Amino acid sequence: MLNTSINNAMKIAKRYPSVTVSTGQQRTYPRYDKNDKIIGWTGQANIDLKSTDFSATSQLIADLQETLVMDNLNFGVSDTKKDALEQKLMTEASRAFQQQAKSLTRAWDARGYRVVNVNLNTGSNYPRPMYSAMSMKSGMADESVPSQSFESGNSTISVTANGTIELTK
């Protein structure tokens, strides 16, 4: 039953090519009666969804919730967008570091400066891309589940530059 439900969910998900779907964790454990005798088994299996297409993902989740339960939903910046923004921010942070070095050179009446070292650090405190874990529901839904409208939010991506310069007199 568990495998059948997950296989059916994967078939439904294939109708949404803009959503990446993969199977996730699967657990099975025994149920016991009051005499510690196994009377049955309980199972849980997850499928993971990732997408930047809110509309398609929303509809897919609604379709899947007719037989599965949504366990978790996260939003965040995609790896592609994050990498592009970090590259841009690294260039900007490097230019800002150079401006600071030039300002310090003037403030100390130095002829110039030499960069001893520079460290560029990216902030990795950003949410993961949209993720939804769906697990099997115990009963079948009598009616279809309406799709939910998703809204993107804001994430902070940062790059800091710090280092050491040597002033020349």
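Start by selecting Asp63, which sits in helix H2 (residues 54-64); helices here are DSSP runs of H or I with at least four residues, and strands are E runs of at least two, numbered from the N terminus. You are looking at a predicted model, where local features need pLDDT of at least 70, side-chain atom pairs count only at pLDDT 80 or more, and totals for chains, interfaces and linings use all residues. Residues are numbered from 1 along each chain as its sequence is written, and side-chain values use heavy atoms, with hydrogens and water left out.

Asp63 is buried (under 20% relative accessible area, 1.4 Å probe, protein chains only), yet has no salt bridge (a side-chain nitrogen of Lys or Arg within 4 Å of a carboxyl oxygen of Asp or Glu). Arg15 is the nearest side chain of opposite charge, 4.5 Å away.

Next, show Tyr16, in the loop between H1 and strand E1 (20-32). Tyr16 is buried too, with a relative accessible area of 15%. Setting aside residues up to four places away in sequence, Tyr16 touches Ala56, Gln59, Leu60 and Asp63, contact being heavy atoms within 4.5 Å.

Now bring up H1 (residues 2-13) alongside H2: their axes come within 10 Å and cross at roughly 150 degrees. The axes are lines fitted to C-alpha atoms over the stretch in contact, with angles from 0 to 180 degrees between N-to-C directions. That makes H1 roughly antiparallel to H2, a term for angles over 145 degrees.

Finally, select the meeting residues: Ala9, Ile12 and Ala13 from H1, with Leu60, Asp63 and Leu64 from H2.

Technical notes: Buried means under 20% relative accessible area, exposed over 50%, partly exposed in between (1.4 Å probe, protein chains only). Lys and Arg count as positive and Asp and Glu as negative; His and the chain ends are not counted. Angles under 35 degrees count as roughly parallel, over 145 as roughly antiparallel, 65 to 115 as roughly perpendicular and the rest as oblique.
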